[in-house]
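Welcome! Have a look at the structure, then read on.

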Amino acid sequence: MILWKIIPIIALLIRLTVAKTHKFNLTASWVKANPDGVFERDVIGLNGQWPLPVLRVNQGDRIELLLTNGLGNANTSLHFHGLFQRGSSFMDGPEMVTQCPISPGNSFLYNFTVDQVGTYWYHSHSGAQYGDGLRGAIVVSRPDLEYDFEEVITLSDWYHEKSDILHHKFLNKYNPTGAEPIPQNILMNDSRNITISMHRNASHHLRFINMGLEVSQYVWLEGHNMTVVEVDGVFVEPYEAQVLYIAVGQRISVLVRGIEDIDGSARNYRLMQRLDETMLDVVPDDLALFGINHLVYNDAAPLITEEFLTDLEPFDDFELTTLDRTPLLEDYDYQIQVTMEMTNLGDGINYATFNNVTYVAPKVPTLMTVFSADPDIVTNAQIYGSNTNTFILQENEIIELVVNNFDDNKHPFHLHGHQFQVVRRSEAYENPTPYNEGSPSYDAFPDFPMSRDTVIVNTNGHVVLRFKANNPGVWFFHCHLDWHLEQGLALVLVEAPLTLLQTQKEKLPSNHIDCCKSGEVPFRGNAAGRFGTPSEWLDLSGEVLQPPPLPPGFTLKGYVAFIMCVGAALYGLYSIYEYGMEDVVGLTSETEVLESLSTALRKDRFSKSHYGADLLQELTGQN
């Protein structure tokens with residue numbers, strides 16, 4: 001037990017003495033691609049190439065990644081999903097949270113040290129832009145994990161339209177129910193029907209990453225067992241699984257042993273993926289729910305193209321235990337309870353809210369507000385804005401974050417800068433069921449809970465998370481079903497602001513300020529861009545706010561009823577044209593038209609009514 005704890009420490013010390021700096025000079029630009037073989041579209045490549053490269057580094061290595069925006073028509077940014085950015089929160093990437101957006105023609109240098117091991121990924125954090133292809137894997141090797149072969153396997157849903165077009169269709173008063181865009185396909189490694197080379201009796205390390213925008217995916221293998229060894233960069237006690245369930249933003253690593261060729265047939269096997277269609281409002285007939293991929297032992301043997309079905313009962317990640325058996329964090333010092341709901345505001349658009357507040361980006365990036373504030377005002381949550389859902393965390397306190405889901409969909413929530421313990425996750429419910437602290441019906445919290453950075457909250461259920469506030473920074477917590485982030489389903493944690501101000505302000509690279517200046521984004525002051533005296537810092541006039549609420553009595557149900565009435569009216573007009581005009585087509589005189597209409601009225605029940613009789617008399621001149 002002690003030996004396996006010492007080996008990683010020794011390995012880390014060795015790696016730190018031989019740490020490398022990995023330099024990447026990358027330009028983001030539009031390129032053509034047809035990953036599903038159905039539709040060619042513009043995607044975002046790096047240096048003219050797509051899919052994007054896997055970034056492979058070792059613990060202790062440094063990444064210097066110069067990103068130039070060559071898109072011409074859009075801002076961009078880059079987030080390194082799952083990496084803590086300890087001591088370098090200004091490199092975390094989400095625009096208007098830790099940095100200004102990188103405007104077209106400008107560059108930004110991401111420069112930080114990697115102090116973790118495991119499976120991560122990088123992606124744009126500007127709107128839903130990573131759905132246009134600006135995303136790739138990061139692998140930080142763990143030398144003491146033994147295996148013979150490794151494969152990075154990315155999963156994603158895929159849209160044929162660009163994210164900005166989908167954004168405008170989605171956040172629109174003509175979509176008052178907030179129905180999310182439906183993808184057109186399902187991909188593995190940005191393609192369809194891929195092959196993975198397998199070797200008999202060898203150990204294969206498969207790193208699965210869901211890089212999609214919306215839909216969780218099931219994964220299972222024909223004829224093979226999987227042993228889960230890592231989730232979201234957290235190594236766990238080995239856990240046998242037949243089916244994986246991977247939400248957007250999550251990563252699961254498994255070990256798979258190549259099977260023996262018992263009967264000499266040397267056949268190949270299927271690697272299956274399936275969208276969780278319960279997360280979709282509708283399932284179009286042409287949407288491919290399945291992806292049939294292949295584990296290839298014999299290049300000469302045929303690939304089986306029929307679906308291989310299973311009961312889709314995935315293992316429950318709540319049952320996992322960290323490899324070092326990290327104990328449950330002691331009782332919390334500060335609890336944050338938020339209730340998420342979908343609601344229509346006064347502009348008719350459907351928004352997502354935490355405690356009735358939808359996240360609206362401030363005029364000044366929140367981290368810049370920290371760095372430009374005085375110590376006597378930096379801990380006041382008011383300066384960070386009325387619509388940013390900002391909470392102040394004191395250094396080294398135990399934080400309990402409770403999310404109550406008042407929505408009939410699942411939601412994958414991701415926390416930047418931390419991994420959290422999942423101490424309770426409810427089942428799905430028919431009706432919203434918030435967390436009831438101290439309820440005797442609840443099971444006790446696990447002694448050694450699962451930890452990760454992205455967790456699913458079940459339909460109408462809740463989740464309870466704990467972490468220690470030991471990483472000063474400004475950290476985003478948001479739904480990684482990215483359309484919901486576009487709707488404002490996010491909050492901001494300003495962690496240890498005094499320490500952050502004292503230890504990282506002077507380290508802020510100059511290209512941060514250059515990036516703001518080039519994009520004409522203010523980089524000093526409160527959420528409204530105001531600064532000066534304490535009273536001026538607390539003055540938020542001019543800040544960006546959410547729309548006002550709906551007029552009293554006009555609710556989502558009213559919108560739905562209105563739309564249904566309009567739809568029924570339009571269908572009625574169409575029916576009149578389709579069935580009423582078919583006998584009129586070809587008639588050439590007013591008399592013929594009137595005679596035809598009179599005949600139709602006599603045959604219809606409408607003519608028996610008071611209004612129908614009056615109309616018939618007017619048309620024919622008869623009683």
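The sulfur of cysteine 515 lies 5.9 Å from the closest cysteine sulfur, that of cysteine 100, so the two are too far apart for a bond; a disulfide is a pair of cysteine sulfur atoms within 2.5 Å. This is a predicted model, in which local features need pLDDT of at least 70 and side-chain atom pairs count only at pLDDT 80 or more, while totals for chains, interfaces and linings use all residues. Residues are numbered from 1 along each chain as its sequence is written, and side-chain values use heavy atoms, with hydrogens and water left out.

Which cysteines do form a disulfide? Cysteine 100 and cysteine 516 do, with their sulfur atoms 2.0 Å apart. The structure holds one disulfide. This pair links distant parts of the chain, 416 residues apart: cysteine 100 sits in the loop between β5 (79-81) and β6, and cysteine 516 in helix α6. The torsion about the S-S bond of cysteine 100 and cysteine 516 is about 90 degrees, so the disulfide is right-handed.

Both cysteine 100 and cysteine 516 are buried, where buried means under 20% relative accessible area, exposed over 50%, and partly exposed in between (1.4 Å probe, protein chains only). Two further cysteines are listed here:

| Cysteine | Relative accessibility | Class |
|---|---|---|
| Cysteine 479 | 0% | buried |
| Cysteine 515 | 2% | buried |

Now for the helix. Helices (H or I, at least four residues) and strands (E, at least two) are DSSP runs, numbered from the N terminus. The buried residues of α6 (residues 510-518) include Asn511, His512 and Ile513. Just after α6, glutamate 520 has a positive phi of about 55 degrees.
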